[in-house]
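Please consult the sequence and the structure shown here while reading.

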2 protein chains.
Amino acid sequence: MLKLIAEDFIDPTKIEIVLPLYQELVNATRKEAGCISYELCHDLKNPGHFVFIEEWQDYDALDTHVASEHFQRLVPQINAYSIKEGRFTHMESVLFKD
Amino acid sequence: MLKLIAEDFIDPTKIEIVLPLYQELVNATRKEAGCISYELCHDLKNPGHFVFIEEWQDYDALDTHVASEHFQRLVPQINAYSIKEGRFTHMESVLFKD
């Protein structure tokens, strides 16, 4: 299981333009076979800082996502309104033994 | 509903010391009434970069968490092994209307 935090920094004056693009991306991504969860959040203190909390079956599932038609079409449109480069954190859950 | 990402940057040589402290923190926090979810992840590319993905009923629930005995006791012990200041992102979920 692969967890990913993907952060976008969108021009705060362009949020209304970007939200429908995010909506299409979220809806299409959640239908992917390897997608376990894909949630979009918005920073309460920094408007335009959007954070995806993602869970994928494995790296192959994430590669399939990045290669998908919807990702390749929508992400460049979203990035056109970025004010700084995105940040990506690939993670695994820490599972404690009792 | 309040989402929070809390990031710690722990000295990679001290991870084995910190993990039992995290375990106690996770177990006690999940029993709090206002805690919806509390997951600890570890950055696959940057050892020592730990990321909590948290979900709270509201700000009051988070305040109660921070004031709790287990938080006040364990977090300073964990922070003693930090190599840089933590990062905290307070968020709300973006819910799309269909």
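Helices (H or I, at least four residues) and strands (E, at least two) are DSSP runs, numbered from the N terminus. In these terms, A:H90 lies in strand 4 of chain A. This is a predicted model, in which local features need pLDDT of at least 70 and side-chain atom pairs count only at pLDDT 80 or more, while totals for chains, interfaces and linings use all residues. Residues are numbered from 1 along each chain as its sequence is written, chains are lettered from A and ligands numbered from 1 in the order in which they are written, and side-chain values use heavy atoms, with hydrogens and water left out.

**A histidine in contact with both chains**

A:H90 is buried, with a relative accessible area of 13%; buried means under 20% relative accessible area, exposed over 50%, and partly exposed in between (1.4 Å probe, protein chains only). Contact means heavy atoms within 4.5 Å, and, not counting residues up to four places away in sequence, A:H90 touches A:L2, A:K3, A:L4, A:Y59 and A:L62 as well as B:H42, B:D43, B:L44 and B:K45.

**The interface**

In total, 29 residues of chain A are in contact with 29 residues of chain B. The area buried between the two chains, that is, the accessible area (1.4 Å probe) that two parts lose on being put together, summed over both, is about 2500 Å², of which carbon and sulfur atoms give 63%. In chain A, the residues that lose the most area to chain B are A:L44, A:V94 and A:F96, together 23% of what that side buries.

Across this interface the rule finds 2 salt bridges, a salt bridge being a side-chain nitrogen of Lys or Arg within 4 Å of a carboxyl oxygen of Asp or Glu. One of them joins B:E39 to A:K3, with the closest N and O atoms 2.9 Å apart. Between chain A and chain B, 10 residue pairs are in polar contact (both at pLDDT 80 or more); a polar contact is a pair of N or O atoms within 3.5 Å, where within protein one must be able to donate a hydrogen and the other to accept it, and residues adjacent in sequence count only if both atoms are side-chain atoms. The largest share of the side of chain A that touches chain B, 6 residues, comes from strand 4 of chain A.

| Helix | Buried residues | Exposed residues on the face turned away |
|---|---|---|
| Helix 2 of chain A (residues 59-67) | A:A61, A:L62, A:H65 | A:D60, A:T64, A:A67 |
| Helix 2 of chain B (residues 59-67) | B:A61, B:L62, B:H65 | B:D60, B:T64, B:A67 |

At the start of helix 2 of chain B, a side-chain oxygen of B:D58 reaches to within 3.2 Å of the backbone nitrogen of B:D60.

**Helix 3 of chain B**

Helix 3 of chain B has B:H70, B:F71, B:L74, B:V75 and B:I78 as its buried residues. Viewed down the axis of helix 3 of chain B, these fall within an arc of 105°, so they line one face of the helix. Their cover includes strand 1, helix 1, helix 2 and strand 4 of chain B.

Technical notes:
The arc is that of the directions from the helix axis to the C-beta atoms.
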